[in-house]
Amino acid sequence: MLTRLIYSFLILILVVFSGLGRANDSLILADTSSPARTLSSFMSASDVLISHWQDENLHQLQAQNAYSQAIRTMDLSLVPNRSRKVVVMERIILLREILDRIDLDVLMRAPDIEEIQERELRHWRFANTDIALALQSYGDKTDQFLFSSTTIQMLPRWYRTMEPFKYSGEARVDYYQEFLTSPGPLFSKQFIQSLPERFNQLHGPLPLWQWIALAMVISVCKILISLSFKLGKRWNERWENRGLKWRIGQLLALIGVVFLLLIARRLIDDGIWVTGSVYQFLSTSFLLAQFFFVSWFILAIFNYFAEIYVFKKHKGKHVESSLITVLSRIFGGLTIAILGIYVIEFMGFSISPILAGLGVGGLAVALAIRPVLENVINGLTLYADGGIKIGELCRYGSKLGTIESIGLRSTRIRTLERSLITIPNSEFANMEIDNLERRDKRRMEHILRLRPEVTLDQLRVLIVNIRRLLIQHPMFEEDPVRVRLVGMGDYSINLSMMGYISCRDNEEFMAVQEDVLFSALAQVESVGAKTAYSTEYQFVDRHTNENLEQKLRAAQAVAQWHEKQAFPFPDFSYEYKYEMKDTIMYPAKTSAVRQR
């Protein structure tokens with residue numbers, strides 16, 4: 001027993017009184033096999049580290065080695081932002097300040113390997129304090145004695161408790177008070193110390209110069225973030241005519257904001273070296289701001305590529321594709337969730353309880369949202385199947401409408417009356433859907449009713465002429481083309497006219513059909529036949545004076561259209577539409593509801 005006491009005493013004497021002379025010694029590894037050796041390793045490493053910190057040489061290899069070995073003696077699992085050097089340096093200096101105020105006799109009682117094995121110790125506490133060394137039972141540091149996580153967490157409180165006590169060795173300056181007013185490696189310590197004394201006095205938890213530096217960093221950061229978004233907006237305006245691919249101003253602005261926050265965080269971490277609760281607040285705020293803007297960037301880039309995909313898929317038309325947008329947001333949200341888990345771990349918090357809670361409640365949530373999941377699955381099926389797309393005219397059940405959006409929960413359809421119908425995907429997927437836009441050609445079929453007084457020769461010539469007309473028309477399929485006498489009606493002779501028009505768009509079909517009907521009516525007039533109406537109308541019509549003047553005017557108007565090459569069929573010219581748009585006053589000038 002006496003031998004062990006003498007051995008421990010010699011170790012402590014060597015560490016306490018000769019530590020400063022080892023600043024330039026060769027690199028060492030911390031020994032954490034027993035409380036005594038962990039204590040000795042920490043004291044030795046902290047001596048070297050503090051010496052280099054005071055000399056502003058933290059970048060040197062010996063200082064980096066001492067820093068890493070001091071960390072090896074501590075369990076930092078409960079410390080937020082434990083990856084930041086300023087946070088760990090604060091804990092190292094606090095622990096050293098507390099240990100230097102504990103009596104040497106108490107430190108000498110720290111057990112070594114023989115006593116640990118003899119007494120099977122797993123925990124050691126220094127005298128009447130809560131400063132303890134604990135044997136690690138899991139993880140990478142299993143079977144090592146480290147300053148416990150609870151001890152490291154309570155160091156600020158224990159420092160305030162031990163601060164009135166004198167040092168057990170020689171009197172010296174308070175490292176922690178010096179640390180509070182000192183800058184980080186990025187700033188010159190001599191420059192800060194050369195400032196007027198009031199700038200180095202504590203105002204609350206921080207000296208005045210740190211408050212001023214923080215205000216400047218935050219103000220400049222805010223101005224530059226605003227400038228970044230303005231430049232991103234100007235980029236989009238500048239390259240708007242180049243197409244959708246060039247509208248990346250928002251993405252560039254968000255990247256710039258993230259880099260600005262990283263630079264500001266670096267200045268605070270390694271320049272201003274804010275400590276304590278103020279640092280934790282600022283660090284958390286900057287980290288949340290970075291997380292917010294990175295999440296925004298992730299969603300923006302997913303939406304950007306979704307828009308590019310939809311733009312190309314619809315051949316350059318700007319079409320709203322709800323499902324693609326929602327899917328991009330889902331994948332962006334999953335990416336953000338993964339990033340959030342990393343952020344939580346980075347901040348020093350454990351997510352195991354959260355994951356456990358999600359696992360327990362997951363089954364109940366899944367049962368509750370079963371109808372929603374059915375709609376989601378059917379929505380994905382509708383889109384993946386490719387049977388319908390945004391903007392296509394479809395017949396669903398007995399109704400007609402244009403698909404306006406395919407969402408995860410429902411499909412929205414714009415009816416011919418321009419009302420908007422929302423149908424859950426689980427119902428819509430089970431309907432019989434007739435996609436009218438997918439027809440490779442469209443059928444035209446009409447019945448021409450002729451007056452009974454038409455002769456057989458006139459009828460034969462008319463059938464041949466109309467059949468020739470359909471074959472000659474460039475928009476008609478060659479086969480099948482049918483013009484047949486199909487029977488006698490109550491007041492007419494009926495001809496069936498049928499053929500297929502080579503188009504898919506409904507507006508184009510209506511225009512071609514209109515042109516064919518005009519030509520067919522012209523053929524009827526050319527053979528001297530007339531279209532039939534009811535018997536009563538035909539009888540009255542024989543005694544009605546025809547308005548020859550109005551017919552002449554109509555013929556002259558059509559002749560002028562052809563002469564001016566402004567024939568308004570199949571449609572008006574774009575220039576004419578533009579000139580005539582909104583030229584009628586509504587309401588009328590004398591209307592009671594018209595604003596004066």
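The following legends describe close-up views of a predicted model. Residues are numbered from 1 along each chain as its sequence is written, and side-chain values use heavy atoms, leaving out hydrogens and water. Local features need pLDDT of at least 70 and side-chain atom pairs count only at pLDDT 80 or more, whereas totals for chains, interfaces and linings use all residues.

**View 1. The largest nonpolar core, with 78 residues.** A nonpolar core is a set of buried Ala, Val, Leu, Ile, Met, Phe, Trp, Tyr and Cys residues joined through side-chain atoms within 4.5 Å; buried means under 20% relative accessible area (1.4 Å probe, protein chains only). Residues with the most contacts inside this core include Phe42, Met74, Phe126 and Val274. Helix H4 (residues 85–99) gives the most to the core, with ten residues (helices are DSSP runs of H or I, at least four residues, numbered from the N terminus). Domain 1 (25–181) and domain 2 (209–349) both give residues to this core, so it lies between them; the domain bounds come from an automatic or database domain assignment.

**View 2. Surroundings of Leu99.** Neighbours within four places in sequence set aside, Leu99 is in contact (heavy atoms within 4.5 Å) with Leu39, Phe42, Met43, Leu107, Ile131 and Phe147.

**View 3. An open sheet of five strands.** The strands (DSSP runs of E, at least two residues) follow the order E9-E8-E7-E6-E10 with antiparallel pairing, where two strands pair if DSSP finds at least two bridges between them. Strand E9 (420–424) and strand E10 (433–435) form the edges, each pairing on one side only.

**View 4. Strands E7 and E8.** Five bridges join antiparallel strands E7 (residues 399–406) and E8 (residues 410–415). Thr402 has Arg414 in E8 as its bridge partner.

How values were computed
Buried means under 20% relative accessible area, exposed over 50%, partly exposed in between (1.4 Å probe, protein chains only).
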